[in-house]
Amino acid sequence: MTYLALAPLPARTRWWRHRSVQRFCRNRLAVTGSVILLLLTAACFLGPPLLPYTELTIDLRARFAAPFSGPHLLGTDPLGRDLAARLLMAGRISLLVGFCSMLLSTLAGAAVGIVAGFYGGRIGAVLMRVVDAFLAFPAIFLLLVLAAFTHPSALMITLIIALTSWMEVARVVEAQVRSLREQDYIQAARTLGLRNSTLMFSELLPNAMGPIIVAATLTVGRAILLEAYVSYLGYGIQPPLPSWGNLLNGAQQYLLQAPWLALIPGVAIALAVTSFNFIGDGVRDALDVRSDSR
């Protein structure tokens, strides 16, 4: 019996050896942002059970305690509640609002962009005019109007932020799909008789994932800022449920007496938003194949 010597199949490229991952890792700001965001997320979701106080524990004898001056690591607020516990629990809410609103706005924007870019013509024109109509209103004012007429809960704020954030994603996806629909492989797929839904979601969508991922990454930071704006103005998430925005709202009348009440959540917001922006820039450069030739 004769045996055929078969050459071993080539092993799949490990994800950490992929060129996009290597390009991302060469971006120091993106790596720094990823590390900061990972540490911040881990602290918010794993840290509260490790603290000796909860976000609702009141210690009237320790009101306005300064950071690092006693048992309360980051000090206390006007009711004597531990600021570290409230900051981490607020981070849970703000990060969840950011991520969930990003998912909803990305799904809605990608769906509108794919349909508008694929069909073009009247359908594309109508959909993009709807996008332009939403973009004509400043997002923060539209957000405030919607928040003023709804019950201020975390779920409602997430839905409102998603409703006011999908337009940029739709524009990016529409432009990308419009340029891809004339490619040879799409024309070949049309010739084979593939349905429009298959062309849109099996052929065009995977090739448009780069801009979608970049837009989604940047949308998280924007959503965190929008939640902070609305909660700071009193129309967002309401106490006793903490968020970084309503921590700033409660601290504004004590800026001279206890400036750390505003400084600490402000730094947390700045770190989170800046980290997401760095990551978004890094992902954009990593997915740009032309960066290898620079």
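Reader: What makes Arg 222 and Glu 168 a salt bridge?

Author: In this predicted model, the N to O distance between their side chains is 4.0 Å. The cut-off is a side-chain nitrogen within 4 Å of a carboxyl oxygen, so the pair counts.

Reader: And what does the Arg 222 and Glu 168 pair tie together?

Author: Arg 222 sits in helix 10 and Glu 168 in helix 7 (residues 166-180), so the bridge links parts 54 residues apart in sequence.

Reader: Why is Arg 222 called partly exposed?

Author: Its relative accessible area is 28%. Buried means under 20% and exposed over 50%, so a value in between is partly exposed. Glu 168, at 36%, gets that label too.

Reader: How do you know that Arg 284 and Asp 285 form a salt bridge?

Author: Their closest N and O atoms are 3.8 Å apart, and the rule asks for within 4 Å, so they pass. Arg 284 is partly exposed at 45%, and Asp 285 is partly exposed at 31%.

Reader: What joins Asp 77, Arg 81 and Arg 86 into one network?

Author: Salt bridges with shared partners do that. One of them is Asp 77 with Arg 86, with 3.8 Å between the closest N and O atoms. Both Asp 77 and Arg 86 are buried.

Reader: Which residues have the most contacts inside the largest nonpolar core?

Author: Leu 87, Ile 224, Trp 244 and Leu 261, in a core of 37 residues. Helix 12 gives the most, with 12 residues. Leaving aside neighbours within four places in sequence, Leu 87 touches residues including Trp 244, Leu 247 and Ile 264.

Notes
Residues are numbered from 1 along each chain as its sequence is written. This is a predicted model: local features need pLDDT of at least 70, side-chain atom pairs count only at pLDDT 80 or more; totals for chains, interfaces and linings use all residues. Side-chain values use heavy atoms; hydrogens and water are left out. A nonpolar core is a set of buried Ala, Val, Leu, Ile, Met, Phe, Trp, Tyr and Cys residues joined through side-chain atoms within 4.5 Å. Buried means under 20% relative accessible area, exposed over 50%, partly exposed in between (1.4 Å probe, protein chains only). Helices (H or I, at least four residues) and strands (E, at least two) are DSSP runs, numbered from the N terminus. Contact means heavy atoms within 4.5 Å.
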